[in-house]
Amino acid sequence: VGMSSILIRSHESLSHLEQAGGADRLMMNLAEALRNVGWEVTILCPASRLDNEDSKHGLITFNYLEPKNPVSKLVNSVRGVRKYQEILKNNSYDIVLDDVSHIPFYPLHFCSKDITNAIFLHTAFFNSAINYNGIIRGSIVSLIDHTIPYLNSPEIICASEGTEKRFQARTGYNNTHILNPSI
């Protein structure tokens, strides 16, 4: 039996411990926990100012998109298909996991036909996104939250029972699981 492998897409650079929030630390902790039990782990994330090429840090392989800024984050979420296809061509994954943090990496979901497709959902704002993010950005976040089930029928991994219940109630999609961030 071969080693299990996972590709984790993060919306933040994780390679140089620049993680600003709990979501970033959670993704890195998940990658390290899987690596420690024998998984082959690859992370696809924006380049930080310290990254200059695809590299291997310890036993985790990093592949980089353009450096993160608001425009490149949105552009990469749609146009990153070439980079993603290159990664798929050179590797075989059992699972691809997208850290949505409100803009999914669309190529991950539509180019992964025979791979278990998963999304880590830290929260599900839906209509309350407008209260937190303003009317324009909040409307976009709400729209994305409602369309997540259509991203290649993903396994939804929720950070809490509350997020899972909110997501199921608003979308009617029940292919969900809970992974408490305390891992």
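Which residues of E1 point one way from the strand, and which the other way?

1. **Strand E1.** In this predicted model, Ser5, Leu7 and Arg9 point one way from E1, while Ile6 and Ile8 point the other way. Residues on both faces of the strand are buried. Because five of the five residues of E1 are buried, the strand is largely enclosed by the rest of the structure.

2. **Partners of E1.** E1 pairs with E2 in the parallel sense, over five bridges. Within that pairing, Ile8 has Ile43 of E2 as its bridge partner. E1 also pairs with strand E5 (residues 95-99), again in the parallel sense, over four bridges. There, the bridge partner of Arg9 is Asp98 of E5.

3. **Overall composition.** The chain contains seven helices and eight strands. Of its 183 residues, 44% are buried. Among contacts with a separation of 6 or more, 55% are between residues 24 or more positions apart.

4. **The largest nonpolar core.** This core has 21 residues, and those with the most contacts inside it are Ile8, Met27, Val41, Ile43, Phe62 and Leu97. At least two residues of the core come from each of strand E1 (5-9), helix H1 (22-36), strand E2 (40-46), strand E4 (60-65) and strand E6 (116-121). H1 supplies the largest share, six residues. In soluble globular proteins, nonpolar side chains tend to be buried together. Ile8 and Ile43, named above as bridge partners, are both among the core residues with the most contacts.

5. Setting aside residues up to four places away in sequence, Met27 touches Ile8, Leu14, Leu97, Asp99 and Phe120.

6. **Tyr84.** Where in the chain does Tyr84 have its place? The residue lies in helix H3. Tyr84 has a relative accessible area of 0% and is therefore buried. Not counting residues up to four places away in sequence, Tyr84 touches Leu7, Leu44, Val96, Phe105, Pro107, Leu108, Cys111 and Ser112. The C-alpha atoms of Tyr84 and Leu65 are separated by 9.5 Å, the two residues being 19 apart along the chain.

7. **The second largest pocket.** The space in this pocket is about 180 Å³. Its lining consists of Tyr64, Leu65, Glu66, Val75, Asn76, Arg79, Gly80, Arg82 and Lys83. E4, helix H2 (70-79) and helix H3 (81-90) each contribute at least two of the lining residues, and H2 gives the largest share, three residues. By class, the lining comprises three nonpolar, two polar and four charged residues.

8. **The cavity.** How many cavities of 30 Å³ or more does the structure hold? There is one. The largest cavity has a volume of about 80 Å³. Eleven residues line it, and the closest to its centre are Arg9, His11, Pro46, Lys73 and Asn76. H2 supplies the largest share of this lining, four residues. The lining divides into three nonpolar, five polar and three charged residues.

9. **Ser142.** Is Ser142 buried or exposed? Ser142, which lies in helix H6 (residues 135-147), has a relative accessibility of 8% and so counts as buried, the limit being under 20%. Leaving aside neighbours within four places in sequence, Ser142 is in contact with Phe126, Asn127 and Ala129.

10. **The loop between H6 and E7.** Asn152 is found in the loop between H6 and strand E7 (155-158), and Ser153 has its place in this loop as well. Most residues other than glycine have a negative phi. Phi of Asn152, however, is positive, near 65°, and phi of Ser153 is positive too, near 45°. With a relative accessibility of 28%, Asn152 counts as partly exposed. Ser153 has a relative accessible area of 54% and is therefore exposed, the threshold for that class being over 50%.

Key
Residues numbered from 1 in each chain as written. Predicted model: local features only at pLDDT ≥ 70, side-chain atom pairs only at ≥ 80, totals over all residues. Heavy atoms only, no water. Core = buried A, V, L, I, M, F, W, Y, C linked by side-chain atoms within 4.5 Å. Buried < 20%, exposed > 50% of the residue type's maximum accessible area, 1.4 Å probe, protein only. Contact = heavy atoms within 4.5 Å. 1 Å grid on protein atoms, 1.4 Å probe; cavity = no way out; pocket = protein on both sides within 12 Å on 5 of 7 lines; lining within 4 Å. Points joined across faces, edges and corners; volume = space filled by probe spheres on them. Nonpolar A, V, L, I, M, F, W, Y, C, P; charged D, E, K, R; others polar. Pairing = 2+ DSSP bridges.
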